[in-house]
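Keep the viewer open as you read.

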Amino acid sequence: MDTRLFLACFSALLLLHTSIASHFRGGIITWRTLDPYSDTGNINDTRTIEISYRMTYSGECLPGQSWSVGSLARRTGFSGTIVNLILYCDQNIPVLGRTGVGNATYLPESSFEASFASAAWINLATGGGGWELRMKYKYIRRSGKMNSSPVTAMAEVVGVQHGCTYLIKIPVADYDGNEVRCRWARSDLGECSGVCQTFPGAILNEKTCELWYNSAEQSTGYYAVAIQIEDFSSTDAVPLSSIPLQFLVNVSSSSICGQ
């Protein structure tokens with residue numbers, strides 16, 4: 001084979017490998033009971049939950065295109081896949097993410113944990129490599145209604161300028177009226193893989209779900225933020241459920257804050 005042709009082929013394969021191997025940009029997983037009032041209170045009844053997810057990757061996608069990115073796997077109790085994650089592209093703007101919705105019918109335990117794990121993140125200023133997003137379900141029925149997880153409409157990427165101070169608000173809500181709090185995802189709980197606490201200098205207010213951040217001491221680049229969003233009853237210190245939120249903060253250079 002001609003040397004130039006070989007090098008061209010090798011370079012193309014290298015670029016393809018790089019684009020596939022370093023492509024994840026974060027995601028969200030939430031769940032809700034489809035008919036929260038239908039349950040009889042019997043733990044052995046079959047109930048359907050809808051698992052909603054948003055995953056963001058590098059690259060392009062065409063409107064109407066869909067593909068499988070993996071599975072949400074059970075991490076407690078018996079092993080197995082809860083739902084295959086299918087992403088549906090609706091616009092050709094990669095940074096806005098690729099969104100899909102899945103349904104899973106199962107005979108529930110009183111609680112279980114499940115996660116989506118693979119590799120690899122895009123190149124980050126700190127951390128990276130593999131990812132894991134973990135959701136935690138608990139059988140809760142109060143006042144005749146089954147609980148659903150909190151939700152968030154957090155952007156996939158937040159842009160900030162180097163040398164400036166910011167307050168990043170994470171929008172959260174709970175359809176059951178429960179108190180919602182945020183905390184850093186933890187490596188010992190299998191919640192964040194290679195991006196656990198990799199946003200140096202950030203301070204999280206757990207009650208208001210706000211991040212205070214001073215970028216003066218950090219370098220420019222992309223930083224991954226891994227948060228668990230949890231709902232609580234007014235009388236219980238143990239969360240009713242826990243969902244993952246992982247997104248990017250892009251620190252760019254600027255001579256003046258606000259420009």
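How many helices and strands are there in the chain? There are 18 strands and 1 helix, where helices (H or I, at least four residues) and strands (E, at least two) are DSSP runs numbered from the N terminus. Before going further, some bookkeeping: this is a predicted model, so local features need pLDDT of at least 70 and side-chain atom pairs count only at pLDDT 80 or more, while totals for chains, interfaces and linings use all residues. Residues are numbered from 1 along each chain as its sequence is written, and side-chain values use heavy atoms, with hydrogens and water left out.

Now the overall numbers. The chain has 259 residues, and 44% of them count as buried (under 20% relative accessible area; exposed is over 50%, partly exposed is in between, with a 1.4 Å probe and protein chains only). The chain exposes about 12,500 Å², with carbon and sulfur atoms supplying 53% of that area; the areas come from the Shrake-Rupley method with a 1.4 Å probe, and for residues only the protein chains shown count as cover. As for contacts (heavy atoms within 4.5 Å), take those with a separation of 6 or more: residues 24 or more positions apart account for 71% of them.

E17 pairs with E14 (residues 179–184) in the antiparallel sense over 6 bridges; two strands count as paired if DSSP finds at least two bridges between them. In this pairing, Trp 184 stands opposite Ile 227 of E17. E17 also pairs with E18 (residues 241–252), again in the antiparallel sense, over 11 bridges. There, Glu 230 has Ser 242 in E18 as its bridge partner.

Glu 230 leads us on to side-chain charges. Its side chain meets that of Arg 183 in a salt bridge, at 3.0 Å from N to O (the rule asks for a side-chain nitrogen of Lys or Arg within 4 Å of a carboxyl oxygen of Asp or Glu). This pair links distant parts of the chain, with Glu 230 in E17 and Arg 183 in E14, 47 residues apart. Both Glu 230 and Arg 183 are buried.

How many salt bridges does the rule give? The count comes to 11. One of them joins the side chains of Glu 156 and Arg 54, at 3.8 Å from N to O. Glu 156 sits in the loop between E10 (151–152) and E11 (157–161) and Arg 54 in E2 (residues 47–57), so the pair ties together parts that are 102 residues apart in sequence. Glu 156 counts as buried because its relative accessibility is 11%, and Arg 54 does too, at 14%.

Another salt bridge brings together the side chains of Glu 113 and Arg 134, at 2.9 Å from N to O. Glu 113 is in E6 (residues 111–119) and Arg 134 is in E7 (residues 130–138), 21 residues apart. Glu 113 is partly exposed at 22% relative accessibility, whereas Arg 134 is buried at 10%. Both belong to a network of salt bridges that links Arg 75, Glu 113, Glu 132 and Arg 134.

Back to Arg 54, which is one of the residues that line the largest pocket. Two or more lining residues come from each of E1 (24–33), E2 and E10, and E2 gives the most, with 3 residues.

A cis peptide bond joins Ala 119 and Ala 120, with omega about 10°, and Ala 120 is in the loop between E6 and E7. Gln 197 is not a glycine, yet its phi is positive at about 50°. Gln 197 lies in the loop between E14 and E15 (202–205) and is exposed, at 53% relative accessibility. Cys 209, also not a glycine, has a positive phi of about 55°. Its place is in the loop between E15 and E16 (210–214), and at 1% relative accessibility Cys 209 is buried.

Terms used: 1 Å grid on protein atoms, 1.4 Å probe; cavity = no way out; pocket = protein on both sides within 12 Å on 5 of 7 lines; lining within 4 Å.
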